[in-house]
Amino acid sequence: MLVIILLDVLYKILIEFGIPRKLVRLVKMSLTETYGRVRFGKNVSDRFPIRNGFKQGDPLSPMLFNFALEYPIRRVQVNRDGLKLNGTHQLLAYADDVNILGGSIHTLKENAEALVAATRKTGLEISADKTKYMVMSRDLNAGRIHSVRIDNSTFKRVEEFKYLGKTLTNQNSIVEEIKSRLRSGNACYHSVQNLLSSRWLSKNLKINIYRTIILPVVLCGCEVGC
């Protein structure tokens, strides 16, 4: 998802969510008359005004982005038809990663179109290059359509993709995910191999390196995934 938040729209969203107007004014003051420069090597550009979007590295930016994304998501979920699968609502968002589940291609397109229309009002845009769709079914011939067109963007069908760092497949198999984790673990091991083979480090310190650096790469999120 591309982020070009329209600040005037953001202030209205904050008020609609019940944020005190005094805090909204303070947020507005922190985002008004801000400027940026670009450094390339030893050269620095002239300053230029920043009229939309948030300041990079500002602790307030993630929270403001959440408000900007939560607003269109709630607008889409006002009409909950087609957003339910096995009795639960299936429009998931974590930061700027949004996942829409549906029982059919038609339902998926309908909800995706509604989300695209709602996010456009706040300045958010869907990144077509990073957006894919996948059919999960016991029928291997289900969903033969190779691409889905929504608005002016075409989304390609895939058999697997990564969501929040985890590999998902159309057969709901964890084999590829396990292989990916092992490859990442091996790469991490080789990056600290000099430390693990050093005669100057104690056994306990090497065990701590393994537990704090290598093991989390392999097992990160397994409690949730399982």
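A residue counts as buried under 20% relative accessible area, as exposed over 50%, and as partly exposed in between, with a 1.4 Å probe and protein chains only as cover. The model is predicted: local features need pLDDT of at least 70, side-chain atom pairs count only at pLDDT 80 or more, and totals for chains, interfaces and linings use all residues. Residues are numbered from 1 along each chain as its sequence is written, and side-chain values use heavy atoms, with hydrogens and water left out.

**Overview**

The chain has 226 residues, of which 28% count as buried. Its secondary structure comprises eight helices and 15 strands; helices (H or I, at least four residues) and strands (E, at least two) are DSSP runs, numbered from the N terminus. Contact means heavy atoms within 4.5 Å. Among contacts between residues at least 6 apart in sequence, 55% join residues at least 24 apart.

**Nonpolar cores**

A nonpolar core is a set of buried Ala, Val, Leu, Ile, Met, Phe, Trp, Tyr and Cys residues joined through side-chain atoms within 4.5 Å. The largest such core has 28 residues, and Ile5, Leu10, Leu31, Phe54 and Leu64 touch the most other members. Helix H1 (7-16), helix H2 (21-31), H3, H4 and E12 each supply at least two residues of this core. The most comes from H3, which gives six residues. Beyond its neighbours within four places in sequence, phenylalanine 54 is in contact with Ile5, Leu7, Leu10, Leu31, Ser61, Leu64 and Phe65. Another core, of five residues, lies apart from the largest one and includes Cys188, Leu196, Ile209 and Ile214.

**The sheet of E11, E13 and E12**

Two strands pair if DSSP finds at least two bridges between them. Three strands form an open sheet with mixed pairing, in the order E11-E13-E12. Strand E11 (132-133) and strand E12 (147-150) are at the edges with a single partner strand each, so one side of each has no neighbour in the sheet. E11 and strand E13 (residues 153-157) run parallel and are joined by two bridges. Tyrosine 133 is opposite arginine 157 in E13. Helix H4 (residues 105-120) packs on this sheet, touching E11 and E12, and its direction makes about 35° with that of E12. Axes are lines fitted to C-alpha atoms, for helices over the stretch in contact, and angles run from 0 to 180 degrees between N-to-C directions.

**The hairpin of E14 and E15**

Strand E14 (residues 160-163) pairs with E15 in the antiparallel sense over four bridges. Phenylalanine 161 has leucine 168 in E15 as its bridge partner. Two residues lie between the strands of this hairpin, where leucine 164 takes a positive phi near 55°. Strand E15 (residues 166-169) has Thr167 and Thr169 on its covered face, and Lys166 and Leu168 on the uncovered one.

**Salt bridges**

The whole structure contains three salt bridges, each a side-chain nitrogen of Lys or Arg within 4 Å of a carboxyl oxygen of Asp or Glu.

| Pair | Closest N and O atoms |
|---|---|
| Glutamate 70 and arginine 74 | 2.9 Å |
| Glutamate 176 and lysine 179 | 4.0 Å |
| Arginine 181 and glutamate 177 | 2.7 Å |

Glutamate 70 and arginine 74 both belong to helix H3 (residues 61-77) and are four residues apart, about one turn of the helix. Glutamate 70 is partly exposed at a relative accessible area of 31%, and arginine 74 is partly exposed at 43%.

Glutamate 176 and lysine 179 are three residues apart in helix H5 (residues 175-191), so about one helical turn separates them. Here too the residues are partly exposed: glutamate 176 has 30% relative accessibility and lysine 179 has 43%.

Arginine 181 and glutamate 177 are four residues apart in helix H5, again about one helical turn. Both of these residues are buried; for glutamate 177 the relative accessible area is 6%. Leaving aside neighbours within four places in sequence, glutamate 177 is in contact with Lys162, Gly165, Lys166 and Thr167.
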